[in-house]
Structures are given as structure tokens and as C-alpha cells.
Amino acid sequence: MNKLKPEIMELLTLVGKKYSRNLLTTTDFDEFSLHLKSEHGYLISTSTLKRLWGYVNDTHQPRTQTLDLLSRYIGFNCFSDFCIHLKTSTIYNSSFFTTRQIQVQNLKPGDEIEIGWSPNRYLRLQYHGEAHFQVIDSKQSKLKKGDCFETACFLMGQPLLLSYILRDNQKTPPFIAGRNGGLTLINQLT
């Protein structure tokens, strides 16, 4: 597990997007190191790249020079400029937004709603009061008929984060529905 600070993790994510090839094997890291050298003149060893991406276990913190080169690769002068960008960019800041939503305070026990998310997931839910829902129909979802969970609201375009699913009187680990793209369907049926 990579224990790098969030700024470095975001840098690696953006470097990966620019390179547009997955870094999953030794060959991938060799090719990326060669790409950095031949296309940009940056000398970063394969072993350094493997450590950064967590391909090999290592507790060393990356050198500033390495972070500066990767920051230049994505268009910044240095890593500290990249960090300033993260702190000032509205992309990374909290903000208010508007979207269609269903809030439990507007539901009565027995009301039904339907939700869906990509690629083709669908749930029909019955509200039981006090933020408790039960799945009464499930299509292409990991949630099953009879599963129960708690949530305060459903937001169109946002993932549904559940701290657990109650299945056969056992709590599951946390669950996320609509990780990529959020909920695409929310309707109150009754």
C-alpha cells in the first residue's frame, strides 16, 4: 500500500493520465523511463518509478528532484508550483452544487424509490423509516433483494456511499454505488 501524501498521489494520477498507458509491469516502467528520457530529457530510473507507483515496497520518500521532473512533465515549473495549484484550483476545493435529490425526510414508511447507475444497474427500494431502506428488486447489481441499508439522501450524478449493507443479519464492508459517474436514475414511485 502506497503511503505517499495526497499531493504526490494526485501528481502520479495526472502523470498517468498524460502518459495514457497503464504502469502495471516492469516493462511498463522501463518504457515510461525511456519515454521520459527520449521525449523530454528527464532521467528517472525504472526503480524510482516503481517505488513511486507502489510497484515495489519501499518506505523512502521521493526526492524533490524527481517530483520536480514529474511536475514539469504535466506542465508545471516544479513540484511546489504543482502543490500551489492544488491549493488554489477550484477543481479540488469543496463547493456547493445543485442536483436532483431524494431526501428521507420527504418519505413515509412504505414509499418506494428506484435508483440506477452505469452501466446498467437498477434497484427498487422500499423505505422503512428512520433512514432505513430495503432492496425489493435488483438488476445487475451486487445488492440483492432483501438487503437493507441506511442513507439520508440520494443525489443524481453523485455516488451513493453506504457504510454497510445488512445481508442475512450480517453487516458487509462499506459499499459504493455509481463510483464512476454517480447515480443516473432517482425516482420516487409512491
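**Salt bridges in the predicted model**

A search of the whole structure finds five salt bridges, a salt bridge being a side-chain nitrogen of Lys or Arg within 4 Å of a carboxyl oxygen of Asp or Glu. The structure is a predicted model, in which local features need pLDDT of at least 70 and side-chain atom pairs count only at pLDDT 80 or more, while totals for chains, interfaces and linings use all residues. Residues are numbered from 1 along each chain as its sequence is written, and side-chain values use heavy atoms, with hydrogens and water left out.

One of these pairs joins R167 to D147, with 2.6 Å between the closest N and O atoms. R167 belongs to strand 8 (residues 166–167), whereas D147 sits in the loop between strand 4 (132–139) and strand 5 (148–150), so the pair ties together parts that are 20 residues apart in sequence. Helices (H or I, at least four residues) and strands (E, at least two) are DSSP runs, numbered from the N terminus. D147 is buried, at 2% relative accessible area, and R167 is partly exposed, at 24%. Here buried means under 20% relative accessible area, exposed over 50%, and partly exposed in between (1.4 Å probe, protein chains only).

D111 forms a salt bridge with K108, and their closest N and O atoms are 3.9 Å apart. D111 counts as buried, with 7% relative accessibility, while K108 counts as exposed, with 55%. The side chains of D137 and K139 also meet in a salt bridge, at 3.6 Å from N to O. In this pair, D137 is partly exposed at 26% relative accessibility, and K139 is partly exposed at 40%.
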